[in-house]
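Me: I would like to go through this model in short questions and answers. Please give the cut-offs along the way.

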Amino acid sequence: MGQLLAAGTVEVLVENGTLGLVEQSRESDIHYPDAPAGSWLRPAEGMVHAHCPSNVIDARVRVELWKGDPPGEGAWSHDEETEVFFPAGDLCVYTLGETLPTEIGLAATGRYRVRMSWALNPETGPFYSPFKGQAGALEYAAEGHEADLEGVDQYCLAQVWNLD
């Protein structure tokens with residue numbers, strides 16, 4: 001089991017279903033490749049973009065840096081993992097309108113695994129998939145995340161660990 005090295009939480013306004021994790025020194029426009037069909041995460045060098053249901057407005061994001069594999073944690077509305085190359089530096093949470101520091105610094109350039117898990121607030125939903133052709137409300141898995149969801153539509157946990 002891994003060891004938690006650092007953690008930080010930010011609240012953001014989600015615009016156009018855009019939410020992600022980006023290395024702070026990345027100064028160019030955020031560009032990411034097309035994701036495979038049905039994938040909620042889009043990785044690119046120095047960042048990972050997560051699709052959000054289009055009607056999510058307020059989100060709370062906790063970013064954790066781990067040495068070794070982090071534990072899986074409880075029930076989630078959805079979770080997914082990907083691999084990202086990050087240059088050494090500080091991680092930020094971004095939306096289309098803002099970039100917020102997390103107080104988490106990566107000590108080394110390298111390949112990192114990123115697991116993003118989220119819970120949707122049943123009190124502010126229903127929420128719908130951002131993908132065309134997927135009708136119906138998304139499932140809620142808020143049990144155990146009630147405090148994290150207080151006052152927001154979505155709670156996201158982004159766990160990061162080095163693969164090199």
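Me: How many residues does the largest nonpolar core have?
Reply: This is a predicted model in which local features need pLDDT of at least 70 and side-chain atom pairs count only at pLDDT 80 or more, while totals for chains, interfaces and linings use all residues. Residues are numbered from 1 along each chain as its sequence is written, and side-chain values use heavy atoms, with hydrogens and water left out. A nonpolar core is a set of buried Ala, Val, Leu, Ile, Met, Phe, Trp, Tyr and Cys residues joined through side-chain atoms within 4.5 Å, where buried means under 20% relative accessible area, exposed over 50% and partly exposed in between (1.4 Å probe, protein chains only). Val12, Leu21, Val61, Val63, Leu91, Val93 and Met116 have the most contacts inside the largest core, whose residue count is 33.

Me: Which strand gives the most to this core?
Reply: Strands are DSSP runs of E with at least two residues, numbered from the N terminus. The top contribution is 5 residues, and it comes from residues 110-120, strand β9.

Me: Which residues of the second, separate core can be named?
Reply: This second core is separate and has 6 residues. Among them are Ala119, Ala142, Leu149 and Tyr155.

Me: What is the strand order of the open sheet?
Reply: Two strands pair if DSSP finds at least two bridges between them. The edge strands, β1 (3-13) and β6 (78-86), each pair on one side only. Pairing is mixed across the 5 strands, and the order is β1-β5-β10-β9-β6.

Me: Which residue in β5 stands opposite Thr9?
Reply: β1 and β5 (residues 58-67) pair in the antiparallel sense over 10 bridges. Opposite Thr9 stands Arg62.

Me: How many residues apart in sequence are the parts that Trp40 and Trp118 tie together?
Reply: Rings of Phe, Tyr and Trp (its six-membered ring) pair if their centres lie within 6.5 Å; planes under 30 degrees apart count as stacked, over 60 as edge-to-face and the rest as tilted. Trp40 and Trp118 form a tilted pair, at 5.6 Å centre to centre and 55 degrees between the planes. Trp40 lies in the loop between β2 (18-23) and β3 (41-44) and Trp118 in strand β9, so the separation in sequence is 78 residues.

Me: What is the angle between the planes of Trp76 and Tyr155?
Reply: Trp76 is in the loop between β5 and β6 and Tyr155 in strand β10 (residues 154-162), 79 residues apart. Their rings form a stacked pair, with centres 6.0 Å apart and planes at 20 degrees.

Key:
Helices (H or I, at least four residues) and strands (E, at least two) are DSSP runs, numbered from the N terminus.
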